[in-house]
Amino acid sequence: MATPLRFDETQGQDHTGQLDGQPVTYRAFMDLNYVTMPVDPIQRLNVFVPTPYFSGGTVNGYQRVTAPIFMPNTVGGYLPGPRDFPGNPAVYSRGTTILRALQRGYVVVAAGLRGRTQTDGQGQNLGKAPAFIVDMKAAVRYVKFNAGRLPGNPERIITNGTSAGGATSALMGASGNADFFESRLQDLGAAPATDDIFAVSAYCPIHNLEHADAAYEWEFNGIDQWHRQQIRVEDNRQICTPVHGHLSDQERALSPQLKAAFTPYLNSLELKDRAGNPLSLDHTGEGSFKALILRYLKDSAQTALTAGQDVTKYAGVIVNGSTVTRIDWPQYLRAITRMKSVPAFDALDLSNPENDLFGSRLTAARHFTSFAQAHSRVPANLADADLVAAVNPLTYLLRKQSHVAPHWRIRHGAADRDTSFAIPVILATKLANRGYDVDFALPWATPHSGDYDLPELFDWIDGLCQ
Ligand code: DHB
């Protein structure tokens with residue numbers, strides 16, 4: 001009998017994809033179990049290998065044993081993230097990212113991960129937190145267990161994702177081999193291997209959920225209208241309908257309370273700028289941490305202006321000739337608009353995706369902050385603080401309890417309002433303060449999205465791996 005979870009390189013099928021009129025040849029190994037005791041059929045993965053590696057060839061300077069292993073996920077909204085493949089017509093698919101990675105000579109491993117809406121045959125939930133990250137770790141363990149069989153260098157694993165998938169990628173980087181997940185991995189029959197990784201690519205990671213409400217009001221307090229797109233899928237197409245609303249009296253009353261809670265949290269992190277100066281906020285929410293965010297925004301606008309873009313399309317961008325002199329914070333935020341009501345993540349009626357994420361086997365949704373629990377408008381329970389902390393990448397950067405990835409590339413669009421700018425800036429800053437290699441930017445005029453700069457992302461990977 002074949003050894004369980006052993007990668008069998010004889011089972012692949014050759015394909016040719018097209019990119020910009022160029023053929024990309026690869027061998028696909030589909031639907032492989034990455035745990036011996038799966039609880040859902042989504043827990044399988046696909047492996048794609050540039051075909052030249054099977055005949056001693058090289059691609060982009062890489063060979064079979066030296067190629068980076070790129071692991072994109074399709075998680076969005078903390079929903080189930082199915083395993084992806086080039087040519088996948090599903091709306092969630094990033095098949096082109098996979099093809100472009102293969103063209104660069106990377107081995108691609110695309111694992112399916114459970115999400116918050118999944119149930120078993122008895123109607124019990126099986127995809128609530130921390131299922132998404134347990135599955136991703138099991139997939140990485142599968143890759144490392146198969147070192148030497150599965151093409152690529154298992155010491156050069158790079159995870160990639162956007163939004164909730166970006167959070168998944170960031171959490172992989174932060175929580176390598178952390179104890180919290182061990183028994184859950186054992187229960188699934190994960191391969192006996194480690195799950196720490198080499199590098200993280202994260203686009204607009206929706207993470208640090210227990211502090212995201214306070215960060216959101218620190219940013220948007222005083223802006224009482226919200227604007228968002230309602231997205232539904234019909235005939236495998238995304239249909240977006242704009243919806244607008246006003247904060248209620250209660251929401252307007254809660255906003256300053258949440259805002260006030262952000263300053264003590266931010267100061268407790270003891271962040272420093274590159275020169276070692278403290279980054280802090282005062283009781284009004286002003287201070288050097290805010291100045292840092294404004295610097296990132298100004299640098300982003302300057303890069304866009306220098307490239308010939310009209311950056312004054314957004315109010316609050318002050319330009320003198322060829323120089324962006326200043327970003328006016330309130331004006332700029334009014335220009336990009338508030339997207340979410342109050343609290344932004346831990347909804348008082350448990351109606352947000354994050355409430356659903358923190359449900360349990362038998363509970364559809366729970367609160368995950370004591371603030372929302374105290375103000376709840378429905379009968380509700382609070383998720384275990386240990387669980388909420390375990391799925392927050394910051395947890396692992398504040399107290400050493402894991403093997404943290406040495407290299408990070410984090411992007412969050414300068415027009416993204418799905419979470420406060422503070423959230424990715426805290427992550428990038430803490431990582432840099434801890435001595436990790438961080439490439440961070442807020443790309444100009446970029447909304448909540450990912451994989452929009454693949455040539456630069458892959459150049460960054462090549463810079464680390466070639
Ligand atoms: C995603 C977006 C959100 O605004 C959010 O709160 C959670 C997840 C997403 O796109 O994955």
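D235 is placed in the loop between β8 (225-234) and β9 (237-246), where helices (H or I, at least four residues) and strands (E, at least two) are DSSP runs numbered from the N terminus. This is a predicted model, in which local features need pLDDT of at least 70 and side-chain atom pairs count only at pLDDT 80 or more, while totals for chains, interfaces and linings use all residues. Residues are numbered from 1 along each chain as its sequence is written, and side-chain values use heavy atoms, with hydrogens and water left out.

**Backbone features**

- The phi of D235 is near 50°, a positive value in a residue other than glycine, and at 71% relative accessibility D235 counts as exposed (buried means under 20% relative accessible area, exposed over 50% and partly exposed in between, with a 1.4 Å probe and protein chains only).
- D31, which is not a glycine either, has a positive phi of about 60°; D31 belongs to strand β2 and is partly exposed, with a relative accessible area of 36%.
- The peptide bond from A129 to P130 is cis, with omega near 10°, and P130 sits in the loop between β5 and α2.
- A cis peptide bond also leads from V342 to P343, with omega near -15°, and P343 is found in the loop between α8 and α9 (353-357).

- Strand β4 (residues 69-72) and strand β5 (residues 107-111) run parallel and are joined by two bridges, and the bridge partner of F70 in β5 is V108.

**Packing of α5 and α8**

- The axes of helix α5 (residues 209-220) and helix α8 (residues 329-336) come within 10 Å and cross at roughly 110°.
- The contact is formed by W218, E219 and F220 of α5 together with W329, L333 and I336 of α8.

**Two helix residues**

- G173 lies in helix α3 (residues 164-174) and is buried, with a relative accessible area of 1%; leaving aside neighbours within four places in sequence, G173 is in contact with I197, V200, H403, V404, A405 and W408.
- The C-alpha atoms of G173 and D196, 23 residues apart along the chain, are separated by 6.9 Å.
- S288 is found in helix α7 (residues 288-306) and is partly exposed, with a relative accessible area of 27%; not counting residues up to four places away in sequence, S288 touches P278, L279 and S280.
- The backbone oxygen of P278 lies 3.1 Å from a polar atom of the S288 side chain, and the S288 side chain also reaches the backbone nitrogen of S280 at 2.9 Å.

Notes
Contact means heavy atoms within 4.5 Å. A polar contact is a pair of N or O atoms within 3.5 Å; within protein, one must be able to donate a hydrogen and the other to accept it, and residues adjacent in sequence count only if both atoms are side-chain atoms. Axes are lines fitted to C-alpha atoms, for helices over the stretch in contact, and angles run from 0 to 180 degrees between N-to-C directions. Two strands pair if DSSP finds at least two bridges between them.
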